[in-house]
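This report describes selected helices and contacts of one protein model. Please view the sequence and the structure before reading on.

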Amino acid sequence: GISMIFTRVSSSLGKNALLDIAAELSILLLRPSAISSKKQLELAFYLANKSFGTGHSIAKKFHLEFLLWLAGCKDIRKAFAETTFTDAKDILVISFARGTKKQVIGQILDSLSSNEKKFSLSDEVEPLVLEKISLSRV
């Protein structure tokens with residue numbers, strides 16, 4: 001099955017170059033402040049898997065479906081606007097590529113001309129954040 005791998009990086013590339021690479025690799029480049037907890041990522045991942053598995057997804061690509069759930073909306077432009085990185089020196093990268101975590105992160109670091117940064121996500125979560133994700137398709 002699909003697994004989710006995420007890391008925090010600092011890149012020397014410009015925003016447009018980064019967005020082109022992200023589109024090519026089907027990875028998400030988010031602002032770390034857009035994510036408050038691991039549970040947020042896990043819930044969006046679970047719901048994206050579920051909607052893809054039952055053929056009820058809005059997006060045709062899995063990473064975009066995940067992003068819609070994560071942002072709690074049905075409009076991909078809005079989802080990108082709310083979550084995309086603003087500073088190339090601080091990006092949360094989320095990938096659904098196959099391979100070991102080490103391989104995938106290695107590929108990400110190379111592709112984005114970036115270095116990995118220290119990153120820890122809380123296990124605590126605001127109930128409202130999860131509610132927004134859960135109710136976004138009701």
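## Two crossing helices

Angles under 35 degrees count as roughly parallel, over 145 as roughly antiparallel, 65 to 115 as roughly perpendicular and the rest as oblique. In this predicted model, helix 3 and helix 4 (residues 76-83) pack at an angle of about 70°, their axes 9 Å apart. Helix 3 and helix 4 are therefore roughly perpendicular to each other.

Where the two helices meet, Leu-64, Leu-67, Leu-68 and Ala-71 of helix 3 are in contact with Ile-76, Ala-79, Phe-80, Glu-82 and Thr-83 of helix 4; contact means heavy atoms within 4.5 Å.

## Helix 2

Helix 2 (residues 38-53) has 16 residues, which at 1.5 Å a residue should span 22 Å; the end C-alpha atoms are 22 Å apart, in agreement. The expected span is 1.5 Å times one less than the number of residues. After helix 2 comes Gly-55, with a positive phi near 75°.

## Arg-8

Arg-8 lies in strand 1. Beyond its neighbours within four places in sequence, Arg-8 has contacts that include Pro-32, Ile-91 and Phe-119.

## Basis of the model

Residues are numbered from 1 along each chain as its sequence is written, and side-chain values use heavy atoms, without hydrogens and water. Local features need pLDDT of at least 70 and side-chain atom pairs count only at pLDDT 80 or more, whereas totals for chains, interfaces and linings use all residues.

Note on methods: Helices (H or I, at least four residues) and strands (E, at least two) are DSSP runs, numbered from the N terminus. Axes are lines fitted to C-alpha atoms, for helices over the stretch in contact, and angles run from 0 to 180 degrees between N-to-C directions.
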